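Here are my notes on this structure. Please read them with the model open beside you.

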Amino acid sequence: MNPEMNTKTVQEILVDVDKCTGCRACEMACSAFHSNPKFSSINPAKARIRVVSNELTDEYVPVFAGNHTKSGCDGRHVYTIDGRTYSECSFCRASCPTRDYFIEPDSHLPLKCDMCESTPPLKQPWCVEVCGEGALVYSKREVKREEPSAAALGQIESGLQALMKQHGMEAVIARLKQIGREK
Amino acid sequence: MRYAETGFNLEVDLTRGSCERVATQPDLAEHYLGGQGSAAKLLWDRVPAGTDPFSPDNLLIFSTGLLHGTPLPACNRTVVNTFSPQTNLMSHSLFGGFFGPELKYAGYDKIIIRGKAPDLVYLYINNDKVEIRDATHLRGKGSTETGDLLKTELKDQRVQVAAIGLAGENRVFMATIEHNHASASRGVGVIMGDKRLKAIAVRGTRAVNVARPAELFEMSQRIHQKMAGSSGCGDWMAVDEDDSFHHNHFAWGNARTRRPGYWNKELQDRWTKLKYDNMDRQTGCYNCPKKCRNVIKMPGGPRFGYKCFGKDTYHMAAFLELDFSYEILGVAQEYGVDSYSTPQVIAFALELLEAGILTDKDFPGMPADARGRFFYLLEKIVRREGIGDILADSVSHAARRIGNGAEAFDHNTTKKFEQLPIKLGKLNPAYFLMIATGEKMSITQIEGSFPQDPLPTEEQRQEFVNKWEAVPNEKFKQYFLNWKKRSDISDEATCDIVDWNEAMHYIDDSLGFCGFVSSFRGQFGGDVPYHMNNIPEAIALATGMEMDKPKLWKNFQRIRTLVRAVNVRRGLRRKDERPPEDHWAVRDEKYEQELLSKYYAFKGWNSDGIPTRQTLEELGLAYVADDLEKSGILEPAVEGSR
């Protein structure tokens with residue numbers, strides 16, 4: 001069996017909040033790359049990464065934009081780690097109606113990190129490229145695909161039963177064999 | 001559409017309570033760039049010569065640099081200009097952080113503030129929405145505390161705030177404008193307080209456009225990488241714990257006592273431990289890979305940030321150790337006072353007490369120890385209580401108000417401004433000219449491109465010049481190669497060197513670049529990422545203007561000369577251009593005055609330090625010449641009078 005079929009590529013941005021200096025070069029580069037034409041305008045409010053910072057509490061958390069949610073959470077969260085309290089929702093990646101973060105300021109459409117998808121692909125996303133401190137590190141790795149789940153197996157089973165009922169078992173098996181040979 | 005700049009200023013009149021978004025002249029940047037350059041033009045055009053700094057007609061101008069908001073790294077220094085009650089001349093101040101770029105993203109190149117509010121207000125700028133709001137609930141609040149309160153009040157953590165503390169509210173001359181852990185000193189906080197403006201909160205979500213995107217971004221990334229990996233830029237004091245340079249060579253107390261041999265290994269180890277035991281992290285300014293600011297949190301004290309020599313000034317003035325600076329810096333930051341001049345003012349007062357010019361009656365309830373005394377006087381000054389009300393007017397004015405021989409203790413000011421506490425042996429010609437003629441008031445804002453000292457061997461000098469990219473002209477390499485003894489250098493070279501040093505500061509302060517990656521840093525190692533040979537390209541790519549080295553140099557000369565004219569119109573003359581008399585032990589009045597005359601001639605100024613008509617006309621400043629002639633400051637033109 002082809003090993004490629006059994007793996008998938010996972011891209012990660014590893015965030016080390018202890019190393020962040022709060023310079024926001026990541027926001028600058030992100031907004032430049034995603035402007036049209038590329039690099040023609042800079043606007044950190046359009047960046048798909050933002051550094052949640054508070055000089056008074058020594059809080060510096062780079063967060064990159066995740067999925068859009070239509071409604072806010074029922075409850076907010078505030079983390080305290082090593083005695084340091086982080087501001088409300090500071091680790092949340094969603095663009096949601098309760099905050100104007102990760103909402104395009106002109107169109108009000110949600111923004112989402114696309115890992116600087118590009119043809120040909122970049123070595124790493126721009127935010128990572130400009131982070132001189134290693135607070136952001138890009139990683140790309142192959143992971144094994146998971147075996148089909150019980151639910152998925154159940155779906156296959158009922159589908160095959162329906163086909164066999166309509167066309168007969170032999171016709172279905174013959175066709176499956178043929179597909180296997182072609183692949 | 002304009003590139004790099006927004007093309008709009010925000011005009012605020014606090015007396016009338018009006019805010020207006022006003023388009024700027026399209027060709028202004030070509031002649032005056034932005035930042036201090038275009039601010040000097042505004043001060044010249046709009047503030048009549050006789051205007052008292054405390055008059056509502058005085059302007060307080062917050063400027064972005066021309067290149068703020070572009071991808072160019074370390075371009076974030078906000079420029080503040082006004083007229084100072086301390087010097088009665090143009091105040092020039094800068095602060096790092098995020099304020100300037102945010103202002104540009106809000107759609108403005110400058111905030112121009114005139115008038116005075118009836119009571120404490122703050123200015124809230126959210127793109128097009130601009131409001132003057134009541135700030136009486138912020139009265140007496142600390143500067144960074146104010147920033148935090150406003151972020152909560154405005155429900156926006158992304159707002160950037162510049163605020164004054166108690167010192168500014170009470171019109172203390174040494175008051176600063178604070179932004180996060182950055183600070184604008186040299187006479188601007190006092191005017192913000194006088195205008196009853198507690199803070200400016202700005203939020204911007206607009207784009208800054210650039211003319212040649214791909215090329216500029218490529219250039220920016222090249223410079224970004226060079227900066228990140230280079231020890232030739234940034235503040236080396238953030239990483240090098242050997243601070244023998246300042247402690248052994250600078251003067252302690254009221255700029256009096258040198259303590260050669262003070263530094264030792266045991267001290268260094270102990271102070272290094274104190275720093276790293278109490279340091280949260282080192283932080284950077286907007287879009288800069290360097291991390292110059294040390295953020296310290298002492299048990300029970302406020303969190304504060306410092307950089308460079310700000311680490312040393314308090315404990316050196318008090319003859320104490322680093323732990324004292326760490327104790328007082330956080331308090332001083334919240335009050336909003338300048339860490340360069342304030343310790344000198346306090347040390348000056350204690351000297352007067354020791355000399356019997358002031359007595360115990362002037363200091364009721366003052367503790368006996370140095371630590372307690374500094375805190376006591378800081379409180380008196382920021383509240384303008386008792387003797388503090390006099391001291392709050394800075395050393396020079398306080399000495400005159402106290403009288404009775406106190407004037408003799410005002411020994412370290414030039415143009416009435418406290419200078420760095422440096423007392424040396426033999427005259428250094430370049431430093432004589434820089435301190436004498438500088439109008440940015442502190443030597444750190446004037447020196448910086450040509451090395452402070454020669455290298456000992458020919459091989460070292462050759463090696464240095466071989467990789468010296470920053471020189472605007474090959475002649476500087478020759479000057480350096482032939483330079484063997486510090487004071488042994490031709491007058492011609494001295495004039496050129498001082499001019500180049502000044503040029504880089506005037507350019508940085510108009511574009512928004514930080515001195516640590518440009519104008520200030522070349523003197524230590526020569527390897528700076530921004531210099532005369534690449535800045536013109538950066539301007540051209542960002543703004544779309546045609547720019548080359550000669551044109552940029554002329555821009556420097558135009559801005560420099562205009563600043564001189566602004567101050568000349570307010571009375572600045574040759575007699576004021578004197579470094580502290582004890583700056584060097586060995587002086588030569590005749591030689592110094594000859595050198596000064598040569599430098600004036602080199603600059604195209606007359607023997608009293610006033611730019612001649614010919615010079616002004618060559619720089620496109622004929623309107624300045626007309627005004628100076630009309631007011632009798634310049635003699636009407638005679639052919640060939642230069």
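Which side chain of chain B meets Asp58(A) in a salt bridge?

1. **The salt bridge.** The model is predicted. In it, the partner of Asp58(A) is Arg281(B). Their side chains form a salt bridge, with 2.9 Å from N to O. Between chain B and chain A, six salt bridges are found. The two chains also share 13 residue pairs in polar contact, with both residues at pLDDT 80 or more.

2. **Who supplies the chain B side?** H7(B) gives the most, with six residues. By class, this side of chain B has 13 nonpolar, 17 polar and 11 charged residues.

3. **How much is buried between the chains?** The size of an interface is often given as the accessible area lost when the parts come together. For chain B and chain A, that area is about 3200 Å². Carbon and sulfur atoms account for 50% of it. Contacts involve 41 residues of chain B and 35 residues of chain A. Arg158(B), Phe217(B) and Arg281(B) supply 24% of the area that chain B buries here, more than any other three residues. Look again at Arg281(B): its side chain also meets Asp58(A) in the salt bridge of point 1.

4. Strand S2 of chain A, residues 41-42, pairs with S13(B). The pairing is antiparallel and runs over two bridges. Which residue of S13(B) is the bridge partner of Ser41(A)? Asn209(B) is that partner.

5. **Domains of chain B.** The domain assignment gives three: domain 1 (8-203), domain 2 (234-407) and domain 3 (424-630). The centres of domain 1 and domain 3 of chain B are 28 Å apart, taken over C-alpha atoms. These two domains touch: 39 residues of domain 1 of chain B contact 38 residues of domain 3 of chain B.

6. **The interface inside chain B.** Domain 1 and domain 3 of chain B bury about 3300 Å² between them. Of this, 65% lies on carbon and sulfur atoms. In domain 1 of chain B, Leu33(B), Trp44(B) and Leu89(B) lose the most area to domain 3 of chain B. Together they make up 24% of what that side buries.

7. How many salt bridges join domain 1 and domain 3 of chain B? The count is one. The side chains of Glu30(B) and Lys551(B) meet in a salt bridge, at 3.4 Å from N to O.

8. Helix H1 (28-32), helix H2 (35-46), strand S4 (78-83) and strand S5 (90-95) of chain B each supply at least two residues of the side of domain 1 that touches domain 3. H2(B) gives the most, with eight residues. This side of domain 1 of chain B holds 21 nonpolar, 13 polar and five charged residues.

9. **Domains of chain A.** Here the assignment gives domain 1 (14-141) and domain 2 (150-182). Their centres in chain A are 46 Å apart, again over C-alpha atoms.

Key: Residues numbered from 1 in each chain as written. Chains lettered and ligands numbered in written order. Predicted model: local features only at pLDDT ≥ 70, side-chain atom pairs only at ≥ 80, totals over all residues. Heavy atoms only, no water. Domains from an automatic or database assignment. Contact = heavy atoms within 4.5 Å. Buried area = accessible area lost by both parts, 1.4 Å probe. Salt bridge = Lys/Arg side-chain N within 4 Å of Asp/Glu carboxyl O. Helix = DSSP H or I, 4+ residues; strand = E, 2+ residues; numbered from the N terminus. Nonpolar A, V, L, I, M, F, W, Y, C, P; charged D, E, K, R; others polar. Polar contact = N/O pair within 3.5 Å; in protein donor to acceptor, adjacent residues only side chain to side chain. Pairing = 2+ DSSP bridges.
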